Amino acid sequence: MKFLLTGLTALAALSSSANALYFYLDGTTPKCFYEELPKDTLVVGPYKAEAFNSQTRSFAPSPDLHISVTVDETFDNDHRVVNQKTTSSDRHSKFTFSAADAGDHRICFTPSGPAAVSVGGWFTHAGVTGGGVKLYIDMAIGETSKIQSEDQGKIDNIVTKVKELNGRLADIRREQIFQREREAEFRDQSETTNSKIVRWTLIQLTVLGVTCAWQLSHLRSFFIKQKLT
């Protein structure tokens, strides 16, 4: 049997905190509620599911508990806009959608898995929990500031990573400039060395030429003297 709750008012009635609403789900029975949304309304719903432990008589996250979340547009032949399945953990899961048109939207949560057990009725009675699954939810409907504050941590992480990347790019750019300066310095030094080598080679050739000319002149004079004598 599917229980239908109208709006978030019913959720608030089941909650002991105005900021962290929760309700119980019995076994694999889905729980649904309706929310009438204006067109282009953004909805972000962080949620967290915990399974009942019969030994400790308390609720805790369990890898054997899965939660399926569906959102249907009842005004459009139950057109489904969200259909996701998550596993219970210490961290909150989240569903997000934007209303394409104004009208009622049916939001349903369905437990599954070995930990989705039935321990009685839905409501708490005489200290006995009325459901094997405890689901926390804190939806932000059309509240941009709240949604931004919830995602601020992720945004800050992205900003930090971008700054780190910019710093690395700046380091790479400085290294490239340094390497270009080193290459220019090495090129100038190589050109200077090559010019010195060429100049020294020319000097050596000049000295050799002068020496050869002097030796030839000396030998010529020597042979002339020998011939005359």
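In this predicted model, C108 is buried, at 4% relative accessibility. Buried means under 20% relative accessible area, exposed means over 50%, and partly exposed lies in between (1.4 Å probe, protein chains only). C32 is likewise buried, with a relative accessibility of 0%. The two residues, C32 and C108, are joined in a disulfide, with 2.0 Å between their sulfur atoms. The criterion for a disulfide is a pair of cysteine sulfur atoms within 2.5 Å. One disulfide is present in the structure. The torsion about the S-S bond of C32 and C108 is about 115°, so this disulfide is right-handed. C32 belongs to strand β3 (residues 31–37) and C108 to strand β9 (residues 103–112), so the bond ties together parts that are 76 residues apart in sequence. A further cysteine, C212, is partly exposed, at a relative accessible area of 41%.

Residues are numbered from 1 along each chain as its sequence is written. Because the model is predicted, local features need pLDDT of at least 70 and side-chain atom pairs count only at pLDDT 80 or more, while totals for chains, interfaces and linings use all residues; side-chain values use heavy atoms, with hydrogens and water left out.

The fold comprises three helices and eleven strands. Helices (H or I, at least four residues) and strands (E, at least two) are DSSP runs, numbered from the N terminus. Along the sequence, the elements follow the pattern β-α-β-β-β-β-β-β-β-β-β-β-α-α. The protein has 229 residues, and 30% of them are buried. Contacts (heavy atoms within 4.5 Å) were also examined by sequence separation. Of the contacts with a separation of 6 or more, 74% link residues 24 or more positions apart.

Strand β4 was considered next. This strand spans residues 42–53, and ten of its twelve residues are buried, so β4 is largely enclosed by the rest of the structure. Pairing of two strands requires at least two DSSP bridges between them. β4 pairs with β8 in the antiparallel sense, over six bridges. Within this pairing, V43 has F97 of β8 as its bridge partner. V43 also stands opposite I141 in β11. Strand β11 (residues 140–141) runs antiparallel to β4 and is joined to it by two bridges. Strand β10 (residues 133–137) is antiparallel to β4 as well, with five bridges between them. Here Y47 stands opposite I137.

β4 also pairs with strand β5 (residues 58–60), antiparallel, over three bridges. In this pairing, F52 is opposite F59 of β5. The β4 and β5 hairpin has four residues between its strands. R57 in this hairpin takes a positive phi near 55°.

S93 lies in strand β8, which covers residues 93–98. S93 is buried, at a relative accessible area of 17%. Leaving aside residues up to four places away in sequence, S93 touches G45, P46, Y47 and T86. One of these, Y47, is the residue that stands opposite I137 in β10.
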